[in-house]
Amino acid sequence: MTVAGRYDLVVVGAGHAGCEAALAAARMGLDVAVATLDARKVAEMPCNPAIGGIGKGHLVVEIDALGGVQGWAADRAGIQFRTLNLSRGPAVRGPRAQCDKARYTVLMRRLLGGVPRIDLVEGEVVDLLAGDGAVEGVVLAGGTRIAARAVVVTTGTFLRGLLHTGSDRREGGRYGEPPAGRLSAALERLGLALRRYKTGTPPRLHRDSLDYGAMERQEGDPDPRPFSWRTGRVVNREPCWITRTPPAVAAVIRDNLDRSPLFSGVIEGTGPRYCPSIEDKVVRFPHHEEHTLFVEPETLGGESMYVNGLSTSLPEDVQDAILRRVPGLERARVLRYGYAVEYDVLAPGQLERDLAVHGVPGLWVAGQVVGTSGYEEAAAQGLVAGINAVLRLRGEAPWVPGRHEGYIGVLVDDLVHREHTEPYRMFTSRSEHRLLLGTDSARERLMETGVRFGLVPERVFHVEHRRWAARREARERLESERAGADPEARRALRERLGVEPGRPVTWADLVRRQDVPLDAVIALAPPLTALPPEDREIVAYRTRYAGYLERARRDSERLRRLAHVAVPEGFDPRGVPGLSREVVEQLRRYRPRTLGEAERIPGMTPAAMAILAAAVGRAGEGAA
Amino acid sequence: MVRASSSGLSSVLAGGEDTIVARATPPGTGALAVIRVSGARAWDVVRAVAPRWEPAEPWRAVLIAMDVDGVADRAVAIPYRQPRSFTGEDMVELIVHGSPWLVERALDAMAAAGARRALPGEFTRRAVANGKMALEEAEAIGELVRAETRWQARAAAARASGEGARRVAAVRDALIGLMASVEGALDFADQELGYDPASVEGEIGSLVGRLDAMARAGGSPAVLRGAVRAVVAGPPNAGKSSLFNRLIESTRAIVSPRPGTTRDTVEAQIALEGRAVVLVDTAGLGIPADPLEAEGVRRTAEALADADLVLLVQGADLPEARLPKLPRATPVIRVLSRLDLAPGAVRDGWIPANPATGEGVGAVREALAHHVVRLLPDTAGEGLLSVRAAAAAAKAAGILRRAPREAPELLAEALRRAAAVLEGVVAPVDEEAVLDRIFSTFCLGK
Ligand SMILES: Nc1nc2c(ncn2[C@@H]2O[C@H](COP(=O)(O)OP(=O)(O)O)[C@@H](O)[C@H]2O)c(=O)[nH]1
Ligand SMILES: [Mg+2]
């Protein structure tokens, strides 16, 4: 039996979660082996070739503030940059970048290759080495062992992966790639419960076979902004295209539903409702005449075009029939047909707060295998798992991002404490602190943590710090400086803002007036024009929404206090009179550490919370 | 998302699997007592006191032979098969002779056979947990048990029938729909999911309308209390205490020719037309002569502020008393007393009466009954909500009225706060509930 070496950490899988985990751990000083089936396929984008979006873009910016790499790579591989919800306030704006997926892979491979502490090992991990209940490494197919003090499993959709196109069914983790079935069995041997999830992809079409005249052109933002503090400037290189499925498509689908594995019952896994297949959409919304499709380049100038919105597992001839009826796609040459993939994920309720697997010391999980969907959710977990594996090996306290600190905290808390019944995706509606968690404040919230872990250089933090100080100063000036102090300035107000200042007003007064266009005030107010362009709007919105933000901060404080009431270690809810059996079971399953966590557990009622709080109070007194 | 910790929510703990037993009728000696058993082993457990009973048919009362601690007796047993029972579980109701000793020994025997003594309210909690009734209904059943007048019992029964619960459910539904519109527009802006301010405004309007109706269904203070507070006021010596005693048909209040005899307010409850009336006798209106009297006058003012109805007693021979400004449209029954001391002083709209002799008191009682029926109408029981539910609805309606419309993300915050206020009245509206609605309403998915 060969031993490939001894490492501090083995990361199983080199997807978006695996890359962040490996890079964070290595940069924090660990020797890391990344075991992957195919060393060329690093950080692939098997689904939509884009990073970001509403909620997801928030995650990317937070990962970046913490020193992760996803935003950096997306900036460089980006083809088209668009901020969603641009017409709304900063809290809900979601940056998104259409990416050249080939370039993204190259960038990420180079990044891994450039870190001496990381070794990329090709092979299928078939088992975990477990000694004394703790994980001590992995076993590759063929028997090679890699010893390690900790393991992070980030296997995406590969565990018992099963691909469906019509009745055609083959094992595989992604198109053309084998699955990893034996690792599932290994996890089950450790006593872990798995469940089946499903996701799907649309067909890929040849660029030259599409009629762009029949589609609507979708451009990137005129003033594209990067995700990362490492990036100076980004540019839009290619547009995307929009078309719609006509009613005839719905008819084709309805006629062939019996041939869809989704409807014939062949697929057992649960798919995400926010990303349904076209056959799902047609069945569930029969009154919708049209369904919008976005045609997106997979690589810059490359031949493959991704048909966002046409995810399907219908047989190939039906996919052809659909395409023939869609404006612009009538003569499309299919490079790859759409397919659905079913895979194993960890059932909820088996994670520690730092994404370690409960009851299996030394084992962490991150990414789609945890039950999430999306590259961003995966990367965020990879970062959290990587950092925490390091902290645990150093004997330090875990890092658990709070819900109030960012979507990364919302993500971890939800995954650890809540039930999910479909692939979990981030939405801004998942945060009770939404107004405070805009991408504009991500660095203020998280960069210091990135510095603490050595993932963000201190000088970068200092530059940012000065920037925040300048924003605060501008905000104070807006509140104190009078607008229209002299006749010249008053004329500007009248002509450019349509404001006749009867009594003295400050710039902040004008910023808060709903009848005055915000853009115009931003362009006119000296406290704002003195700032770099990207900060002007941020300060303007913080001024305009000051009252709401203040209230949000107070609410956040209140929730945080609850979050800090600790449930004592080893607290046994079975001894608490008045708690129902269901609640007791949920408490034992999710093991909340604080009352804040307990409140998030499914099935917790306010009454049960009251009983629990009283019991925790008594337990605390007993211990003291 | 909605994470305001709510207070005062009646416990809706889910039911356990164990079998519970308790006496359902009040403690003490009575002709009969009812013992209730609920849970998977309910039928079995009863055999600890009726060894020969073979429960055959559910929902049919049978005479059974009991053996309790060697004492043979007979009882009526009604077995229920889940889910068609009060709690939704298997149940038995045992009607036994009401000897406290017999009941206690029977409960002991069933406990020994594996049942657990039920905690107060546990049967109802199980009914709620098993979806047999909504929380509002459960609260109403609590009130039904405590009802003292026919009107209160009817109002509680109407609530227990689920009308209030349906109203509450409709509010929750509308709230989720509204949140789905706004949250959906925020989270799925890239999918052409529109945010139509006009239609959202319409949804807000209809939700506010529902909440207002809910707040009103909480009814007037009289309706919420289930009783009319009638305060007797007037100048000292007008005969207020005399009238009070006549109306309650007892001599609770001290009557004397000395002005200012009544210092504290005195209350007594009577029933009129099947409705509860709390009569409140007061010190009276006028210029206080000493600090003690001043305190009496202050309490009078307090009692008047809380009154659903005022009985103004004016002595025909006494200086005119001025009523303070009354809140709302408080009805006033005017009684002119002491006409024997000032003959010919009759006034329009005043009921002539001599509280000392009882003359004219019948007419006063009639006027009182007339107003009480108006204040506690027969229809008030329909969809009646608890004070808490009504107050929460009023608060939520206020939040929505003032909700900022300038940006959907700010409006969304207000909606979340409204949902938090309603938590405990409606089932919690969390982000999963909203996402469920978004996914079922809008066609999403790139
Ligand atoms: N002659 C006469 N005496 C009355 C009448 N009503 C009450 N009184 C007497 O007036 C005195 C004061 O009555 P009371 O009920 O204590 O008056 P209060 O101060 O308003 O509570 C008592 O002696 C009563 O008997 C009435 O209509 N005629
Ligand atoms: Mg008196």
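A: Buried means a relative accessible area under 20%, exposed means over 50%, and partly exposed is in between (1.4 Å probe, protein chains only). Residues are numbered from 1 along each chain as its sequence is written, chains are lettered from A and ligands numbered from 1 in the order in which they are written, and side-chain values use heavy atoms, without hydrogens or water.

The ligand site comes first. Ligand 1 has 17 residues around it (a heavy atom within 4 Å), and B:Asn237, B:Lys240, B:Ser242, B:Arg338 and B:Asp340 come nearest. Polar contacts are pairs of N or O atoms within 3.5 Å; within protein, one must be able to donate a hydrogen and the other to accept it, and residues adjacent in sequence count only if both atoms are side-chain atoms. For B:Asn237, a polar backbone atom is 2.7 Å from an oxygen atom of ligand 1. B:Lys240 also uses its backbone, with an N or O atom 2.8 Å from a ligand oxygen. B:Ser242 uses its side chain, where an N or O atom is 2.5 Å from an oxygen of the ligand.

Two of these residues, B:Lys240 and B:Ser242, are among the buried residues of helix α9 of chain B. Helices (H or I, at least four residues) and strands (E, at least two) are DSSP runs, numbered from the N terminus. Besides B:Lys240 and B:Ser242, the buried set holds B:Ser241, B:Leu243, B:Phe244, B:Asn245, B:Leu247 and B:Ile248. Their cover, counted by contact (heavy atoms within 4.5 Å), includes the chain B strands β7 (227-233), β8 (266-272), β9 (275-281), β10 (309-315) and β11 (332-337), together with helix α11 (361-375). After the helix comes B:Glu249, with a positive phi near 55 degrees.

Elsewhere in chain B, the peptide bond from B:Gln82 to B:Pro83 is cis, with omega near 5 degrees. B:Pro83 sits in the loop between β4 (71-80) and β5 (91-97). Most residues other than glycine have a negative phi, and most peptide bonds are trans.

A:Ala43 has one of about 45 degrees; A:Ala43 lies in the loop between β2 (32-36) and β3 (50-52) and is buried at 0% relative accessibility. A:Leu355 has a positive phi of about 75 degrees, lies in the loop between β19 (339-346) and β20 (363-365), and is buried at 0%.

A:Thr312 is buried at 4% relative accessibility, and a polar atom of its side chain lies 3.0 Å from the backbone nitrogen of A:Leu314. Beyond four places in sequence, A:Thr312 contacts residues including A:Thr201, A:Pro202, A:Pro203, A:Ser277, A:Glu279, A:Gln319 and A:Tyr339.

At helix α14 (487-497) of chain A, a side-chain oxygen of A:Asp486 reaches to within 3.1 Å of the backbone nitrogen of A:Glu488 at the start. Just after this helix, A:Gly498 takes a positive phi of about 65 degrees.

As for cysteines, the structure has 0 disulfides (cysteine sulfur pairs within 2.5 Å) over all chains. For A:Cys47 the nearest cysteine sulfur, that of A:Cys275, is 5.7 Å away; A:Cys47 is partly exposed at 23%. A:Cys99 is buried at 0%, and its sulfur is 11 Å from the closest one, in A:Cys240, too far for a bond.

The model scores ipTM 0.86 and pTM 0.73. Chain B has a mean pLDDT of 81, with 82% of its residues at 70 or more. Over residues 1-16 of chain B the pLDDT is below 50, although this stretch has 59 contacts in the model beyond near neighbours in sequence. Where pLDDT is low, the predicted coordinates should not be read in detail.

Terms used. Predicted model: local features only at pLDDT ≥ 70, side-chain atom pairs only at ≥ 80, totals over all residues. pLDDT = per-residue confidence, 0-100.
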